[in-house]
Amino acid sequence: MWGARCGKVAAAVSLVAAVASPSMLYLVGLGLGDAKDITVKGLEVVRQCHRVYLEAYTSILTVGKEALEEFYGRELILADRETVEQEADSILKEADVCDVAFLVVGDPFGATTHSDLVLRAVKLGIPYKVIHNASIMNAVGCCGLQLYNFGETVSIVFWTDTWKPESFFDKIKRNRQNGMHTLCLLDIKVKEQSLENLMKGRKIYEPPRYMSVNQAAEQLLAVIQNRRLQGEEPEITENTVCVGLARVGTPDQKIAAGTLYQMSTVELGGPLHSLIVTGIMHPLELEMLKLFSVDSSSFENNAFQRTT
């Protein structure tokens, strides 16, 4: 009798708690590889939320939306750049009345856009929780360079005929002067409009483009040439040791270590790519890079001797 009564009381308390429990905005990291890289905690959240958004422009997984839906057992709503940056309030309005999950490839705070989403939620009084995962920011350690030897991370964007910024080069230069490595995140163009379509207000989008290590290296080499024409001898040269990485965290990830010039021709396959420009290397880092050398003879020249 008492057991039955206690059970009814416990059920009532649970019901009241459920009713009183506030809705939540969850930011869930998906990791770097495929559907199975989500954490157990992240998967539990995805399956309990009323609506689940998949951020679809700051990075990509090796599998599509359909594969994720099949593994998660949930329908996903694609959230492109326009949705996240211009219509974030619509996502947050839903989170005010029910649990909403926002899925991000890598870690949720790998892009500043997601910090903006959190700040908006706080202003609206909507509680949030973050479920972290691996991102390229820490997974680059797979090449053997020690994470605490990295300086400021930079982004290298696609140049156009009329726009060729070089600010990323100066940041790499400062890192090199401080003996630090530089992780270069390479440009992604997803659901981008041409200038003409943008000006005419036409919702016509260009095909997706993902910058390769080759393209990034070619732009760096072009900046080196420009600086020399201006009478400067750059801190970074054609012989600077670099590391190209492709599809980190997947079964077919590829790593190549060599000179910057070699990075302009190395074959790493499909996206996503990242590039590291090295600083001063510890002997252990140097030994690790030799495992991924494009040409073992390169290690004999002085380009590979900038060590502590």
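Analyst: Ile 91 is found in helix H5, which covers residues 88-95. Helices (H or I, at least four residues) and strands (E, at least two) are DSSP runs, numbered from the N terminus. The model is a predicted one, in which local features need pLDDT of at least 70 and side-chain atom pairs count only at pLDDT 80 or more, while totals for chains, interfaces and linings use all residues. Residues are numbered from 1 along each chain as its sequence is written, and side-chain values use heavy atoms, with hydrogens and water left out.

With a relative accessibility of 1%, Ile 91 counts as buried. Buried means under 20% relative accessible area, exposed over 50%, and partly exposed in between, with a 1.4 Å probe and protein chains only. If neighbours within four places in sequence are set aside, Ile 91 is in contact (heavy atoms within 4.5 Å) with Tyr 53, Thr 83, Val 100 and Phe 102. Ala 101 lies 10 residues from Ile 91 along the chain, and their C-alpha atoms are separated by 9.6 Å.

The wider chain is the setting for this residue. The protein chain contains 12 helices and 12 strands. It has 308 residues, of which 45% count as buried. Of the contacts between residues at least 6 apart in sequence, 73% join residues at least 24 apart.

The interior includes nonpolar cores, that is, sets of buried Ala, Val, Leu, Ile, Met, Phe, Trp, Tyr and Cys residues joined through side-chain atoms within 4.5 Å. The largest has 27 residues, and Phe 168, Leu 220 and Leu 275 have the most contacts inside it. At least two residues each come from strand E6 (154-156), H8, strand E7 (182-186), H10, strand E10 (241-246), helix H11 (260-263) and strand E12 (273-277). H10 gives the most, with seven residues. Beyond four places in sequence, Leu 275 has contacts that include Leu 183, Leu 220, Val 243 and Met 263. Another core, of 20 residues, lies apart from this one, and Ile 38, Leu 43, Tyr 72 and Val 105 are among its members.

Helix H8 (residues 167-177) packs against helix H10 (residues 213-229) at an angle of about 85°, with the axes 10 Å apart. The two helices are therefore roughly perpendicular to each other, a label for angles of 65 to 115 degrees. H8 contributes Phe 168, Phe 169, Asp 170 and Ile 172 to the contact, and H10 contributes Gln 219, Leu 220, Val 223, Ile 224 and Arg 227.

Two residues in the loop between E10 and strand E11 (254-259) complete the picture. Arg 247 lies in that loop and has a phi near 55°, a positive value in a residue other than glycine. With 13% relative accessibility, Arg 247 counts as buried. Gln 253 is also placed in the loop between E10 and E11, but at 32% relative accessibility it counts as partly exposed. Not counting residues up to four places away in sequence, Gln 253 touches Cys 142, Ala 246, Arg 247 and Val 248. Elsewhere, Leu 272 sits in the loop between H11 and E12, and the peptide bond from Pro 271 to Leu 272 is cis, with omega near 0°.

How values were computed: Axes fitted to C-alpha atoms, helices over the stretch in contact; angles between N-to-C directions. Parallel < 35°, antiparallel > 145°, perpendicular 65-115°, else oblique.
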